[in-house]
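Hello,

Here is the structure I promised to hand over. Please have a look, then read my notes below.

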Amino acid sequence: MGSSRNVAVFGAYGHTGRFVVAELCERGYVPLLLGRDQDKLLALVEAHPGLEARQASVDDPASLDRALNGATAVINCAGPFATTAAPLVEAALRAGIPYVDVAAEIEANVDTFAHFAERARAAGTVVVPAMAFYGGLGDLLVTTAMGDWTAADEAHIAYGLSSWHPTAGTLAAGAVSGQRRGGRRVRYTGGRLEYHDDALPTLEWPFPAPLGPQSVIGEFTMADVVTVPSHVAVPEVRTYMTAKAAEDLSAPDASAPTAVDERGRSAQTFVVDVLVRSGGTERRVSAAGQDIYAISAPLAVEAVDRILTGRTRTTGVASAGAIFDAPDFLRALSSHLSLHVPLDTRV
Ligand SMILES: NC(=O)c1ccc[n+]([C@@H]2O[C@H](COP(=O)([O-])OP(=O)(O)OC[C@H]3O[C@@H](n4cnc5c(N)ncnc54)[C@H](OP(=O)(O)O)[C@@H]3O)[C@@H](O)[C@H]2O)c1
């Protein structure tokens with residue numbers, strides 16, 4: 001029997017999945033632990049006695065249906081999402097439950113909007129891709145910075161990461177996206193995604209204190225170029241990454257994150273600094289916190305909580321900024337994120 005507190009987590013034993021499971025428990029939900037590897041599921045149950053594990057494979061729709069039986073929503077943490085998103089969205093639609101994922105893969109996120117927008121809307125259900133650090137947080141910040149603007153000329157999202165120790169899932173997702181692009185780079189300009197072979201520029205980004213100015217790689221394009229223009233009229237969306245973190249990510253000996261606190265977070269810190277420009281006017285908002293994987297859990301779980309309690313603005317496939325009250329959402333995460341709103345930006 002299902003309960004309204006049962007939330008399925010696919011990829012529950014992955015690095016991000018574990019943060020999501022812990023966050024659901026902390027918020028009084030009962031995670032259903034889903035994944036393709038029975039042994040890894042059983043090991044996770046040892047850490048969470050009393051929780052139910054269900055083995056399921058994206059190649060076997062019936063196993064997904066059994067796994068989602070009684071779930072009130074599903075959070076997909078299993079990437080590469082090029083492989084997992086469509087089968088899980090299909091299963092969520094069959095089950096008639098909301099779907100949220102943490103996909104940071106631009107092409108997979110585009111596919112989710114393209115393939116499921118009409119069916120999800122017709123079913124009156126909700127599909128929220130990229131509801132995580134990349135794609136979700138930036139979109140909430142852009143939407144917050146926009147305030148009463150309905151359009152802007154440019155949106156800039158600068159990632160000030162102290163370091164980036166990537167998980168195996170991040171590296172696999174990057175490799176899949178790279179293959180899908182034929183090794184080309186991607187940027188969002190003139191109101192569309194553009195594939196190119198230009199070298200990426202290095203520039204200085206003026207992060208707010210205490211981080212201050214940092215060397216960043218320009219056009220280090222992240223999932224925000226899908227989520228932001230999905231609902232904001234803005235022809236130019238650019239994302240930037242601190243040069244140090246970009247170097248870490250591409251290092252041949254890139255190492256996985258290691259826990260430094262009781263919540264399992266790494267020592268990595270981040271600032272996401274957003275600037276929107278319309279005519280001659282700029283508005284800025286930034287958020288700071290610890291560990292880009294860990295913060296993805298309260299983002300995804302807050303999203304599910306809002307969906308399940310009717311605090312949404314639309315149905316169908318929608319990004320965080322489109323479906324939620326962005327400033328209110330960010331305020332709700334105040335124990336995880338510190339917001340910096342300059343005086344000339346009203347929220
Ligand atoms: N948007 C963001 O900011 C954000 C934040 C966090 C994570 N992510 C993304 O989330 C994904 C997972 O990241 P992670 O840090 O949790 O990595 P991870 O620790 O390596 O975990 C990957 C998880 O995905 C599962 N998985 C991979 N391919 C699968 C498939 N075909 N079918 C079923 N399960 C599959 C793995 O299961 P097995 O062990 O059985 O292979 C494992 O549970 C990555 O794509 C990452 O980029 C995005």
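Is Tyr 159 buried or exposed? Tyr 159 is buried, because its relative accessible area is 0% (buried means under 20%, exposed over 50%, with a 1.4 Å probe and protein chains only).

Some ground rules. This is a predicted model, where local features need pLDDT of at least 70, side-chain atom pairs count only at pLDDT 80 or more, and totals for chains, interfaces and linings use all residues. Residues are numbered from 1 along each chain as its sequence is written, and side-chain values use heavy atoms, without hydrogens and water.

Now the aromatics. The whole structure holds seven aromatic pairs (ring centres within 6.5 Å; planes under 30 degrees apart are stacked, over 60 edge-to-face, the rest tilted; for Trp the six-membered ring counts). Phe 133 and Tyr 159 make a tilted pair, 5.4 Å centre to centre with 50° between the planes. Phe 133 is also buried, since its relative accessibility is 1%. Tyr 134 and Trp 164 pair up too, tilted at 35° and 5.4 Å centre to centre. Both Tyr 134 and Trp 164 are buried.

Next, the ligand. Its shell has 29 residues, with Tyr 13, His 15, Arg 36, Lys 40 and Tyr 134 the closest (a heavy atom within 4 Å). Domain 1 (6-132 + 296-326) and domain 2 (136-292 + 328-340) both contribute to this shell, so the ligand lies between them (bounds from an automatic or database domain assignment).

Best wishes
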